[in-house]
Amino acid sequence: MILIAVISLGVIGAISAIFLYAASKKFEVYEDPRIGLVQEALPGANCGACGYPGCAGFAAACVNSNTMDGLFCPVGGADTMSKVSVILGKEADGSAEPMLAVVRCNGTCKARPKINRYDGARNCSIASALYAGETGCSYGCFGFGDCVTACAFDAIRINPETGLPEVNDENCTSCGLCVKACPRNIIEIRRKGPKSRRIYVSCVNMDKGGTARKACDNACIGCGKCAKECAFGAITLEYNLAYIDYTKCRLCRKCAPVCPTGAIHETNFPPRKEIKAPATNDTNKI
Amino acid sequence: MLKTFHIGGIHPPENKLSAGQKITQLNLPKQVIIPLAQHIGAPASVTVRKGDEVKVGTLLAKANGYVSANIHSSVSGKINKVDSAFDTSGYSHTAIYIDVEGDVWEDYIDRSDTLIKDKLMTPQQIIDKIADAGIVGLGGAAFPTHVKLYPPPECWATVLIINAAECEPYLTSDHALMMEKGEEIMSGINLLMSATRVGEALIGIENNKQDAIRHMQQLAKEYRGIKVVPLKTKYPQGGEKQLIEALIHRQVKSGELPISVGAVVQNVGTAFAVYEAVMKRKPLIERVVTVTGKDVARPSNFLVRIGTPISQLIEAAGGLPANTGKIVSGGPMMGRGLTGTEIPVVKGTSGVLLLPEKDAKRKPARDCIRCAKCIDVCPMGINPTALMTATEFSNWEAAEQNHITDCIECGSCAYICPANRPLTDYLRMGKRKVMGIIKSRKA
């Protein structure tokens, strides 16, 4: 009896083996083994910051591209790209500067008083679909943390004191997930700058100066003083709002002291040597 | 058995506090703020400049594109400025500020009270006059009326449906209008019937307005083809698709327009505005607004010029009660909480509701207990709880497959939820997102 079972199962097994072998030959899909190698070298965050669907997509793009122009993993940075170039034997595009997410709102609880109460779902997109927000500023941060939820690297947190998100320079990979998550387009990817030194306008309010100021003490009122001060033409004034172009900015710091509302932020600079009279107020805020 | 729609629905406390109140003309304000985007579609483009003298009925802004509407001055005076103003959502949009001086009307407007019934006009003439007067749907959505009257190619209207359900709790503006301006409304319906070339008009009125039903039935006897249909009191009876189902027993397919089942739906207030526009050449410069609330001294129905700040309406109704927690523009179910009282009345403002603190506050949301009450009450037959989960986790494919775009944002699901989950909030957001995705896919 046992013999019958062994023989019949053996025959079934043999037939299946032949069938599977034939199928695997017939339907074989060739994958470049380098794709796997490149993927191992990548951070594996699948954040999509490179513009491809996940790390596997980026690895395939690297292998298939001839020159690797425009292919850059912002998460891994130049180190990762050099590893990839070693694997593939191609010149990697390592020229890209380190970038960083910057939160352009300084409407702290103190500076931006609440004029109504929102008790709907604690979600920025929902609040934004419904109305302008709890404060008089219809451009500023809601503070419900859609960006925090979106971040895959724990690089952005809401500061409970100010109610605003803060970016951790170390963790931020400039993948841009928070930029997409923010319904107000407050977060911008900007140049990290030498020694993390950056200057930017921390406001996106496009209302007229009076309205903006009434809603928030730290708002940019579009007075244009900074634009006049800038020797490099890096500051443009549009829709009652100043914007510093980081590609032109030389970090001379002349714009920040002239801002009457302290909307221009400078980070990681050494303290100023000579403090001018109008600058005293601003440095307190910064 | 009274007619009604068959899927879902709720019956919140009616609270029609201002029912039976006569329509009173509100005093002219010192300044009006007339926004350029009072309707669905493109904002109108300004035709006046700062310092211009205007009369009541002067064209201020011209319709900009196909889906848009003209805007006329509701007062006489001088243009103070063209600047941004906050609208009901709290966002600022361009508006015209006019300082009021006297009350001088344009000569072309017939201000007499005489009722005009018959005036032979072609459908095109009627529609042109409606478009000139800047009439929009007065039920709340403010969709330009003339656009609705042109059927898309290969579609025929067979029936005109007049929405007088007024299913939102608290609101009574349509009720008051029917009681006082019934004959004008009938004449307006007649005009809409000839504009859409239909022989039948059905007026749907919920049976909590017995006096209005009797009054309108009496008046309808004189007109051929107009019929008043009492409806069961059930929210959202006044939803376009719900009303069509209740009255002609046909369901509008997902993603289709009411015209696909041969129906054109207009609000009863719109019918009155159409009468005034066509017969009296009076543009849409004023409307009936209910000001109400449990602690309001005098809940009233006011005839208000467009652009009057809401603060003035509240004052006329006896002032802001001390315990007010929320000021809502519209009804309690679909209205919007206002961020201030200096927001102007626009064409779509049907009511101002002052909710006391204890009613206004939401209870904290708890976990879903899978009771499926939201599915039971959803008038569109979709699954709010599953859609909320899909939206919460940005699963847009699932949201689209489960017809999130069918949501009419009526708020029934959030109203019934025993766990106080903000279902409508999530669905509204998800619907916008999915619509954006569909749009970008087409482009």
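**Domain contacts, chain interface and secondary-structure packing in a predicted model**

In chain A, 5 residues of domain 1 are in contact with 7 residues of domain 2. The domain 1 side of this contact consists of 5 nonpolar residues, with no polar and no charged ones. The structure described here is a predicted model. According to the domain assignment of chain A, domain 1 covers residues 35-88 and domain 2 covers residues 99-285. The C-alpha centres of these two domains of chain A are 32 Å apart.

Within chain A, strands β6 (residues 235-238) and β7 (residues 241-244) pair in the antiparallel sense over 4 bridges. Ile235(A) has Ile244(A) as its bridge partner in β7(A). The two strands β6(A) and β7(A) form a hairpin with 2 residues between them. In the turn of this hairpin, Tyr239(A) has a positive phi of about 50°.

Contacts between the chains involve 14 residues of chain A and 17 residues of chain B. The side of chain A that touches chain B comprises 7 nonpolar, 5 polar and 2 charged residues.

In chain B, an open sheet is formed by 6 strands in the order β1-β14-β13-β17-β15-β16, with mixed pairing. Strands β1 (23-25) and β16 (336-337) of chain B stand at the edges and have a single partner strand each, so one side of each lacks a neighbour in the sheet. Helix α3 (residues 173-180) of chain B packs on the sheet, where α3 touches β1, β13 (286-292), β14 (300-305) and β17 of chain B. The direction of this helix makes about 125° with that of β13(B). Elsewhere in the sheet, β15 (residues 324-329) and β17 (residues 351-356) of chain B pair in the antiparallel sense over 5 bridges. One of the residues in this pairing is Thr324(B), whose bridge partner in β17(B) is Pro356(B).

Helix α11 of chain B spans residues 384-392. Its buried residues are Pro384(B), Thr385(B), Leu387(B), Met388(B), Ala390(B) and Thr391(B). Following α11(B) is Ser394(B), which has a positive phi near 50°.

Terms used:
Residues numbered from 1 in each chain as written. Chains lettered and ligands numbered in written order. Predicted model: local features only at pLDDT ≥ 70, side-chain atom pairs only at ≥ 80, totals over all residues. Domains from an automatic or database assignment. Contact = placed C-beta atoms within 7 Å. Nonpolar A, V, L, I, M, F, W, Y, C, P; charged D, E, K, R; others polar. Buried ≥ 20, exposed ≤ 12 C-beta atoms within 10 Å, placed from the backbone. Pairing = 2+ DSSP bridges. Axes fitted to C-alpha atoms, helices over the stretch in contact; angles between N-to-C directions.
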